[in-house]
Structures are given as structure tokens and as C-alpha cells.
Amino acid sequence: MAGSSERRGASRTPGKIGAAEPLPPPGRIAGLARTLWSRFSVRHALAAPGQTLLLVCILSLGIAVYVSIRLANRAAVAGFGQFAEAVTGQSDFVLVPQAGVFDERWLREIRRALGPEPVDIVPMLEASAPRPRRAETDAVVGREAFQLLGIDLVAAANLLQSRALEGGYFSTPEDAPVEGATETTPTLADALRDPLRVWISPALARRDGLAAGDTLELVVHESVVRLPIAGTIPTAEGLPSPGLHLLVMDLPGLQTLLRRPGALDRVELLVPSGDALAERREVVRSTLESVAAERWTVETPASRRATGETMTAAFRLNLAVLSLIALLVGVLLIVQALDGAVVRRRQEIAVLRSLGVESRTIQRAWLREAATIGLVAGVLGTLLGWGGAQFTVRLVARTVNALYYGNTVAAASLHPGEMLAGVLLGVVASVLAGWIPARAAASIPPAQLLARGHVASGLAVLQRRWPAVVLLVVAVALSRLPALDLGRGVRFPLAGYLAALCAILGAGVLASALFRPFARASEALGRRCAPARIAIGHLSHPAGRARLAVAGLVAAVGMSAGMIVLVGSFERTVRGWIDGNLRADLFVASDGAQNASSTSRIQPETWRALALDPDVAGMELFAGAPVRIDDMPTFLGGFGAIGERPPYEPMWIAGPRTPMTRATETEGIAYASESFVERFRVALGDEVRVPTPLGPRVLRVDGVFADYGNDRGSILVPLERFSTWFGTEALINFSAHLRAGVDPDTVRARWTENHPGLRVLTNGVLRTEVLRIFRQTFSITYALELIGVFVAVAGLALSMASMLLDRRDELATLRALGFTHREIAAAAAWEGAAIATAGAAAGLMLSLGLGHLLIHVINKQSFGWTLQFVVSPFPLLALALAVIAAGTGVSWLVGRWSANLPADKEE
């Protein structure tokens, strides 16, 4: 409207957009830009350094959270399957068994198939092994674990020497002395005579003061073993430094230690460099695939890393999106800060427009100012994010350990690509946020700008209700759309997150409608309290920045409360799952199993001996092994029972058609987890082709059960069939039902003393441990919630400061009328309390919708889990009260500061 009147009255004004005036020379444009930059932007920033710094810090904190999560995710994925690179270097191909182990006898077949092709074949065996618990206070699960790598030491030494690398590996002290070597240091020949010797990393030797001749005590399967230290792993130029937790043994020695003769985990192949390297690699690949016969999969290091990325993709993507909450609030603050600056600098803008400065030039000046804020915040946020990643990487690694694979990463490096992404994110977010204020600055006519009194904010759109209603309707429509299929079983709920964004924006706009009811409800108090009356007057006609402040609070409170609903629902569901599954008296596993990919097992002689204990009435047995279906990793398990026991029944989602107690009577049936059904797109009654060491087996899904410890899915068959297919009776764990009157703690103490490598937990302790791991998994989300709320409260402080700066004439009048500093601060506190209350109330209402979206759309599409919807009022009420108290407090402090503002203060 204002723009049309300006066109009618001043169509020939030189400052008009689209005027037919010739453009000034480039030199004049550059000079004008520098003048605007120094006098129009820098001067105001320096005049109010506190507000400028606070704005930059808030935005940088949002960027820091996002960058820290990205770096932590990158570090966790980079730790997947990279232990061997410090010994053999970068391999060209990796052969991974599709089920069970890689049979050592297949190596001869591979060598014959490759013929004269000069390919180095490096067989490997891996196992994780922690140190034993020394006290009851030591963590049951999640303790520091070492990665035992079994490799042919002679072949590894020859391989490295043939590649002309300095310092051969595992050589004699005369050729390549190990760190701290003496005349008594064991040589390679000594190690081959005693294959149970182990080489440790130099970092571990320094940290724990270990040297050649010492012993290292570890838990392997259900036994505590003491391994002599042969020396430290030498470093070589061109290879990564051995990680802190890498331990190297001769391959036959580790096979003996693990009681897995002839078994390998994988085989790495290296094609020597030379002419036509790409063609020779392609020949090797095709040869390996032609003789595989569904026994192994041919991977490259890149595809192997992609496997690690695929396994954790849903977890990492959801974490990255959640980390953007604080940035969203920061963007809203940039909008309100620049919009407030438009109002405060209106006379300067009018003068520039009257002097012939084009609207587009002024608009560019605002966008340049926003970009500068984003650039500074991006650089600062990236550095802060790198520092924060050193903390978040441990939280991410814990979750990866618990749900996906062993990971010992403890630090995150600052990758150039992530640094550039952080800076670009800050600049782009700031420019987008500054577009509305920049457009407002360029479009208001000079006459209106020069007028005293109220100037319409560029945020008038926030006063309209219909856009918010449209956003909420769009959110409902988006929540009905399916997830985005990223391939290899990974689904990303893009539509679900867009629905959450639309709901947050819509609720944020509608939240300002609560101001006037709050003002009307406070009228009686306003008649008795002058500060409250002043606040009520401003709430009756809220400024655009107040609306943005409440929108930021709605975003933070809504997402934080929504996560509280999600976590509470998850915990209630897991408790029900525990009650249905954990009914035995004792639960036994190898204490060496400290992560999701552990290969530690309970040997048959051990569990059979414990089954003969006279205090035991019966046992439920569980075995399993990772398999690949459609080139996607999943899990095949075997269940069984001996003796007297209550019938085992999991939490069923669908079925079963055949009871588990009669599963052995019907050939070819299996029970699939809910995650398996979602990931592999199968339904009850469908058939699945499952690889085994004896060849593929076709299984029919006869029931679907809930499993909240694995989002890759699992499929269960009777234990007898599993043992036949995989040739082992070793168990992952078992549960024991004791006879009536037997004290579980007494039996647990006896079993632990006789088998110090076993982890024996009573029912109560296991329940506590499961819930501890569950809460630990969500610990990073708690941190993100707190940061989001902190940013929103800090944004409220910035909004109050901006609004009080606009009212400096009013504040001077109040002081002249006799208002004390305390009363002015109280008026600001009342207004801040109202904004915080509106934000908390709307945020809590929004959280119910977001909680439903998180549980039934985002969680279901990402992980395939069905959760109960549970609302716990006390955590939500505590969050709302904390936000209101914090908002009131910071507003009082800002009001106290504003009481001393001079009427002519610039910014």
C-alpha cells in the first residue's frame, strides 16, 4: 500500500526501483557501499556492542550444536572397520561372509581363481575384549574395550617391506626396534613360538605404563586371560597411527584364544600398483564375485564405510535434524533484531532515500549486514562446534556401541568440509532471515520514515492468522506421507520433519493471540500496580518482535516438550517390554560383550555345566549371528529352552500363527522383529531367503515381535536349526529360572566366583541396567533440549532489550513521572513473564502434536518401532515453570538496564 502511494507521488524520484536513471559508475557504487558499510552498519554495531555480541553468540551457538553433531557423527562412522588400516594400509577389496564366519579353506580356492595375478591376500580375525571388572561399582556394559586383530604376522611384515615402507612391522629389534626395546625384548621368532603374545599401541603403552614382558588382562568369551606383551606396534610412514585400543596377535594365536579354528571374519586383498591398475582391479573384482557362490560379499573400503554409514543413518539423520532447533530460534532472533534496527534507523534510511540512494542499495546494505553476522557467527560456531564435538562424540559413540557396532572413537577432528558447511549455514541462514527486514527498509516511503511516532514493522505478517492455519493444515497433510527411501533399508522421514517445521511455525504465529487474554486477565492487578498496567498496555498491542520472541519460545519449548513425550513414551514401552521378556531370576552373558557387534560367546561346556546346577529349574537359551539379506546387515537368532520353565512369549505385534513352543514341529518358519518387517518390506506369511553357512534357507514369517534394542531387524528360528546351520552351540546369553526358595544373589555370587568372565545379573539389576543404557542413549537429546531452551530464553532477553530501546522516549517519560528503576524493571518483568507464559503454554500444546508426530511418524518410519503414547505431566510442567521463571528473570535484568537508557541513545 505504501509502495503504491509512493509511485503515485514520486514516480520520478531518483531513488525509485525501476527508474530509468542511468546507473552510476562502478567506482561510485563501490564507494557508496563502503560508506554505507562504515556509517550505516559498523557504527551501529559498535554503538551497541553487547547486543551485537549477544546476537552473534546466540546464532553461533545454534551453528555450534549442528556442527558438533555432524563432527561426532563423522567420527563415529569413520571408526567403523578401520583397525586394520594401521597394519596393512588401505586395501582394495574386502571379502565379508554373508553368514557366520569366513572359512579359511576358501583361501586356496581364491588363490587358484586369481591365478598369476599378483594380489596380496590378508586373512583377518577380530574380537573385542574389555578388561575385567574390578569392583561392583564398575560399569556392567560400556566399559573400555580393546580390539584384538589376528593377522599373519610374517605375511604382514613381508607385505609392508615389499611396499618399501620404512620400518617393517613385527620385525626383529635389529631391523625395526620396538619402542622401549631391550636385549630381552621378544623377537618375531619368539612370538611365533608363543602365539598368544600381543602387540599394543604406543599410545596405550604410554598411557598405562606398559612395556614388553608385561601382561594385559582381558575378558575373552567367559574367561579372564592374561596375554604377554611382545612390544608396541611400530609406526610406518604412509600408514595411520595405531589406535589406542588396537591389539595385534598372530592369526593362529587368536584363533586358539577364541576357540575358532580355521575361522576368519574377513579377507582383505591388495592389488600392487603398476600399469593398468584400474583394469587389473576390475579383473580381480569380477573373479572374486564369480567364485563367491553366495558365500561372501565383495566390498571396497568405500562401500565398507558406506555399510557403517547405512547402519547408523537413521540415528544420525534424526540427531542432525534435532540439532537444528537452536539454529531455528537463532534465525528468528536475526529477523527481530534487524527488524528492530529498521525502526530505530528509520530517519537515516529516509535521509539516504532523499539523497537519491536507490532502494535496492539500501536492501543490499541490510543483507550485507545480515551476511556479516552470519559469517562471524559461522566461524565462531564452527570452532565452538569442534570443541563441543569432543564431548558429543562420546555420547554418540555410546549409542553406536549399544545399538550398532563397536566403536572406540574418543575425539573428533575438524574436517574442512564440515567447517565450510558451518560457515555457509550461518551466512545462508542469516541472509534468509534478513530478507524481510531488508525488504521493509527499502520499501517504506521517506515521508513515513521521517514522521515521528509509530512505524509499521516489517513483521506485520505475524499479525495474520490465516497463514498459521494454512501451515497447520499442511503439517497434518505432510504427516500422512511416506518416508523418503534412501536405499539399503534406510528411510528418512523428510515429510515428517517438514510437518514438524510447519507445525512449529504455525503454532509460533498463533501463540501471540494469547497476549490479549493475558492482558484482560491482568486488568484487575493493573488497576492496583502501575508497572503491571504498563506491561498490559504493551501486551494489548504487541510489537512484531514480541511475536517473534514468543515464536522462538514456542519452537524451543514445543520441541523440548515433544522430546520429553517421546522419551517418556519410549521408557514406558520399554518397561512393558522388559516386564514381558525379563521374567527369569538370573541373566547370564559373557562379560566380554561390551558392544552390539561383540563376538563373545558362552561356550557349550560352560552353559551346560551351569544348567546342571541343582538350584536351576530351567533355562531359556539364545544364540545368534549377523547375516546379510539383500546386501543389508541384519541378525539371525536361535531360541531354545531346557528343563522346567514358564513358556517364553515376546511382546507380539502380530501373530504368531504357530506357538513358539511348537516351532520345531514345522519346517521353515521364523519369527521376525518389527524393525525387520519394516526394513525388508515383508508381511506376516511372506517368505524370506536367509543365507547360512550351509547355503540359503527360505523361511516364512510366522509372527512379528517387538524388539527395541536393534533397528536393523532380527529373525528368529529354533535353536536346534541355528546350531545345525552354523555348526556351533555357543550362546550369546541365557536366562535361568531358579527353584522355589533359592536366593538369586547367592547363586549369582557362586557363578561369578567360578566363572569370573561371565556377567551374571539378577532380575532387578538387569532391569536397572537396561533402563540405564536406555537413558544413556537419550543423553545427547537432553543436552540438545537444554541448549534449545537456553537459546530461546536468551533470545527473549535480546527481544526485550530491542523493544525497550524503541521505547527510550517512553522510559524517559516514566522516569520524569517518578517511576523508580525497580518499577521500570518490574514492568519489563511483567511483560517478559507474559511472553514466556504464552510461549510455554503454546509450546506445551504444540508438544502433544509433535509428540504424536515423533512417535507415530518419525520414529516409526526411521526405526520401525511401535511405541505407546504417554504424556507425563510433571516433566512438562517443570519445563514450563523453568521457562517462565527464566524469562521473567532475564526480562527484569533487561528492564533494570533499560532504566538508565538516555532518550537519545542510538542503538
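The following chat discusses a predicted protein model.

Student: What should I know about the model before I start?
Tutor: It is predicted, so local features need pLDDT of at least 70 and side-chain atom pairs count only at pLDDT 80 or more, while totals for chains, interfaces and linings use all residues. Residues are numbered from 1 along each chain as its sequence is written, and side-chain values use heavy atoms, with hydrogens and water left out.

Student: How many of the 907 residues count as buried, as a percentage?
Tutor: Of the 907 residues, 55% count as buried. Buried means under 20% relative accessible area, exposed means over 50%, and partly exposed lies in between, with a 1.4 Å probe and protein chains only.

Student: Then is Glu 294 buried, partly exposed or exposed?
Tutor: Glu 294 counts as partly exposed because its relative accessibility is 44%. Its phi is near 60 degrees, a positive value in a residue other than glycine.

Student: Which value does phi of Asp 631 have?
Tutor: Phi of Asp 631 is near 65 degrees, also a positive value in a residue other than glycine. Asp 631 has 39% relative accessibility and therefore counts as partly exposed.

Student: Changing topic, is the peptide bond from Gly 655 to Pro 656 cis or trans?
Tutor: The bond from Gly 655 to Pro 656 is cis, with omega near 5 degrees.
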